[in-house]
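Grab a pencil and work through these exercises one at a time. Try each task yourself before you read the solution below it.

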Amino acid sequence: MGDQVFFGETAINLDAKGRLAVPTRYRDALEKQCGSRMVLTYSAFDSGSLWLQPEQIWERVRDDVMALPSFNPNHRSLQRRLVGSATVVEPDGSGRILLPPSLRQVAGLDKRVVLLGMGKRFEIWDENTLNTRRAEEESSLDEQTSVEMSRLVL
């Protein structure tokens, strides 16, 4: 079976222990794709976000990232974010995954988070951080349209 493509937005309340309930609509696909074994790590691009991805998808990313020459400080930084801070998570009997305190703190995740399906992975954002980011992106959208974006038929 090919890789599942995840999409959609779900607002979720973390429980008192920092657990996130994986939305029911993704659970079967995750079970089929990776036996529900996922890897949680910092986003490569956004400081206020975590990445959650099926283990084998993360392994491909890990191998590519670790193949970068580590004498470049930017490469080392990316390796630390994506590999050094990664942790394997599996849902408990209630479909919840534990977000470790260190990752929650650095990403600024409080109680209310948003899980975004972003193709091969999920992004986990603090709701307020994401709303602020979206407002900033919207106000500067005209200046930031790339050549690639202008070719899209949306």
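## Exercise 1: Placing V106

V106 lies in helix α4, which covers residues 101–107. Keep in mind that this is a predicted model.

**Task.** Decide whether V106 is buried, partly exposed or exposed, and find which residues it touches beyond four places away in sequence.

**Solution.** 
1. Start with the cut-off: a residue counts as exposed when its relative accessibility is over 50%.
2. V106 has 54% relative accessibility, so it counts as exposed.
3. Now the contacts. Leaving out residues up to four places away in sequence, V106 touches Y42 and S47.

## Exercise 2: The whole protein

**Solution.** 
1. Count the elements: the protein has seven helices and eight strands.
2. The radius of gyration is 16 Å, close to the 15 Å that the globule rule gives for 154 residues, so the protein is as compact as a globular protein of that length.
3. Along the principal axes, the C-alpha atoms fill a box of roughly 45 × 35 × 35 Å.
4. Of the 154 residues, 38% count as buried.
5. Take the contacts between residues at least 6 apart in sequence: 61% of them join residues at least 24 apart.

## Exercise 3: A closer look at β4

**Task.** Find how strand β4 is joined to β3 and to β8, and whether it is mostly covered or uncovered.

**Solution.** 
1. Five bridges join β3 (residues 38–42) to β4, and the two run antiparallel. M38 stands opposite P54 in β4.
2. The link between β3 and β4 is a hairpin through six residues.
3. With β8 (residues 121–126), β4 pairs over four bridges, again in the antiparallel sense. In this pair, L52 stands opposite F122 in β8.
4. β4 spans residues 49–54 and is mostly covered, since six of its six residues are buried.

## Exercise 4: Finding the cores

**Task.** Identify the residues with the most contacts inside the largest nonpolar core, and the element that gives the most to it.

**Solution.** 
1. The largest nonpolar core has 24 residues, and L20 and I124 have the most contacts inside it.
2. Elements giving two or more residues to this core include β1, α1, β3 and β4.
3. α1 gives the most, with four residues.
4. Zoom in on L20: beyond its neighbours within four places in sequence, its contacts include I12, V113 and I124.
5. There's also a second, separate core of five residues, with W51, V61, V65 and L82 among them.

## Exercise 5: Two single residues

**Task.** Classify T87 and S36 by accessibility, and say what stands out about the phi of S36.

**Solution.** 
1. T87 lies in strand β5 (residues 87–89). At 24% relative accessibility, T87 counts as partly exposed.
2. Beyond four places away in sequence, T87 touches M38, V39, L40, P100 and L103.
3. S36 sits in the loop between α1 and β3. Its relative accessibility is 11%, so S36 counts as buried.
4. Most residues other than glycine have a negative phi.
5. The phi of S36 is near 65°, a positive value in a residue other than glycine.

Note on methods: Residues numbered from 1 in each chain as written. Predicted model: local features only at pLDDT ≥ 70, side-chain atom pairs only at ≥ 80, totals over all residues. Heavy atoms only, no water. Buried < 20%, exposed > 50% of the residue type's maximum accessible area, 1.4 Å probe, protein only. Contact = heavy atoms within 4.5 Å. Pairing = 2+ DSSP bridges. Core = buried A, V, L, I, M, F, W, Y, C linked by side-chain atoms within 4.5 Å. Rg over C-alpha atoms; globule rule 2.2 N^0.38 Å.
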